[in-house]
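Me: I have a structure open here and want to go through some of its local features. Can you take my questions as they come?

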Amino acid sequence: MTAQLFSTDKLLNLDPQKLPQHVAVIMDGNGRWAKQRGLPRIEGHRRGANILKEILTNCKDWGINTLTAYAFSTENWGRPLTEVSFLMTLFEKLLIKELKEMNEEGVRIRFIGDLSPLPESLQQEIAHSMAITKNNNAVNFNVAINYGSRLEIVKACQAIAEKVSTGELAPDTIDENTISQYLYTSASPDPDLLIRTSGEMRLSNFLLWQLAYTEMYITDTLWPDFNCSEFRAALAHYQKRDRRFGKVKGS
Ligand code: IPE
Ligand code: IPE
Ligand code: MG
């Protein structure tokens, strides 16, 4: 049996023709998952990382082109130093451990966010992983680290203003596409589906521009308990949605 047939099989009741092309996830609830078990918060992060790997594999197997995962926000620096340090080390360790397999699987990895304040060694691994996988096309994997949508928009405005001041760009030619091109996500279409775990009904500064017409799916499940069947449930909800984009159906 080919990989393709096998993966389609695992979609069960889902329509392979109506899958989202781009799924974004706010992986929330790691700390609460750990607390419920009397474990330190970092154990939730550790387990959460494994879940992300599974979901990426599902995306690849099912033909979902792009997965964008929120791993660390610009606001998360406000957490205790021990947790922030653990997360930075975890990102680096995971990248070193998983890069070979991800590359063999055809994953193209991109990091989005302001990477400059990250530890030097993590920045090096990030640059290395993006360079090594740049010709891969089985699945696009965007990891948002030190990502904040407002900061992203501010940086886009600065870059555009710079072009205007040098005369390279005329203000009246700036349109929605121009803005999109200056965002960290310029290489990806806008997400079709946003999943947030742990029941929080907010965006927490994630992809504010890009989510304008994205379908949202919020589940009470904590991220470390999210799994393949939960993912399928989110996709099943998505397939029932009527995406009108402001129009009247049939027009
Ligand atoms: C999400 O889980 C992971 C990160 C923000 C890095 P949390 O750490 O926010 O878990 P809760 O929300 O405290 O349960
Ligand atoms: C959003 O989760 C950021 C990530 C998942 C990386 P948070 O836990 O930081 O968001 P709030 O504080 O609940 O809004
Ligand atoms: Mg949280």
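Me: Is S198 buried or exposed?
Reply: S198 is buried, because its relative accessible area is 8%. Keep in mind that this is a predicted model.

Me: Where is S198 found?
Reply: S198 sits in the loop between β5 and β6 (215–218).

Me: What is the phi of S198?
Reply: Near 75°, a positive value in a residue other than glycine. Most residues other than glycine have a negative phi.

Me: And what about phi of L207?
Reply: Phi of L207 is near 50°, again positive in a residue other than glycine. L207 also lies in the loop between β5 and β6. Its relative accessible area is 0%, so L207 is buried.

Me: Switching to charges. How many salt bridges does the structure hold?
Reply: The count is 18 salt bridges. One of them pairs E200 with R32, where the closest N and O atoms are 2.9 Å apart.

Me: Which parts does that pair tie together?
Reply: E200 lies in the loop between β5 and β6, and R32 lies in helix α2 (residues 30–36), so the pair links parts that are 168 residues apart in sequence. E200 is buried at 19% relative accessible area, with the cut-off for buried being under 20%. R32 is partly exposed at 34%.

Me: Which salt bridge does K53 form?
Reply: K53 forms a salt bridge with E98, and the closest N and O atoms are 3.0 Å apart. Since K53 is in helix α3 and E98 in helix α4, the pair ties together parts that are 45 residues apart in sequence. K53 is partly exposed, with a relative accessible area of 33%, while E98 is buried at 10%.

Me: Which residues do salt bridges with shared partners join into one network?
Reply: D28, R32, R196, E200 and R202.

Me: What about E43 and R46?
Reply: Their side chains meet in a salt bridge, 3.1 Å from N to O. Both residues lie in helix α3 (residues 41–62), 3 residues apart, which is about one turn of the helix. E43 is partly exposed at 24% relative accessible area, and R46 is partly exposed at 40%.

Me: D114 next. What is the nearest side chain of opposite charge?
Reply: K155, at 4.3 Å. D114 is buried yet has no salt bridge; a salt bridge needs a side-chain nitrogen of Lys or Arg within 4 Å of a carboxyl oxygen.

Me: With which side chain does the side chain of D114 make a polar contact?
Reply: With the side chain of S116, at 2.7 Å. Not counting residues up to four places away in sequence, D114 touches I145, N146, L151, K155 and Y184. D114 itself lies in the loop between β3 and α5 (120–132).

Me: Y184 has come up. Which ring does Y184 pair with?
Reply: The structure has 10 aromatic pairs. Among them, F72 and W77 have ring centres 4.9 Å apart and planes at 75°, so that pair is edge-to-face. Y184 pairs with Y147: the centres are 6.2 Å apart and the planes at 65°, so this pair is edge-to-face. Y147 is in strand β4 and Y184 in the loop between α7 (176–181) and β5 (193–196), so the pair ties together parts that are 37 residues apart in sequence.

Me: How accessible are Y147 and Y184?
Reply: Y147 counts as buried at 0% relative accessibility, and Y184 as partly exposed at 27%. For the other pair, F72 is buried at 0% and W77 is partly exposed at 33%.

Me: Which residues do ring pairs link into a cluster?
Reply: W62, W223, F226 and F231.

Me: Last topic, the strands. How many residues of β4 are buried?
Reply: 8 of the 9, so β4 is largely enclosed by the rest of the structure. Strand β3 (residues 107–112) is largely enclosed too, because 5 of its 6 residues are buried.

Me: How many bridges pair β3 with β4?
Reply: β3 and β4 (residues 139–147) pair in the parallel sense over 6 bridges. R110 has N142 as its bridge partner in β4, and I109 stands opposite F141.

Me: And how many join β2 to β4?
Reply: Strand β2 (residues 66–73) is joined to β4 by 7 bridges, and the two run parallel. A69 stands opposite V143 in β4.

How values were computed
Residues are numbered from 1 along each chain as its sequence is written. Chains are lettered from A and ligands numbered from 1 in the order in which they are written. This is a predicted model: local features need pLDDT of at least 70, side-chain atom pairs count only at pLDDT 80 or more; totals for chains, interfaces and linings use all residues. Side-chain values use heavy atoms; hydrogens and water are left out. Buried means under 20% relative accessible area, exposed over 50%, partly exposed in between (1.4 Å probe, protein chains only). Helices (H or I, at least four residues) and strands (E, at least two) are DSSP runs, numbered from the N terminus. Two strands pair if DSSP finds at least two bridges between them. Rings of Phe, Tyr and Trp (its six-membered ring) pair if their centres lie within 6.5 Å; planes under 30 degrees apart count as stacked, over 60 as edge-to-face and the rest as tilted. Lys and Arg count as positive and Asp and Glu as negative; His and the chain ends are not counted. A polar contact is a pair of N or O atoms within 3.5 Å; within protein, one must be able to donate a hydrogen and the other to accept it, and residues adjacent in sequence count only if both atoms are side-chain atoms. Contact means heavy atoms within 4.5 Å.
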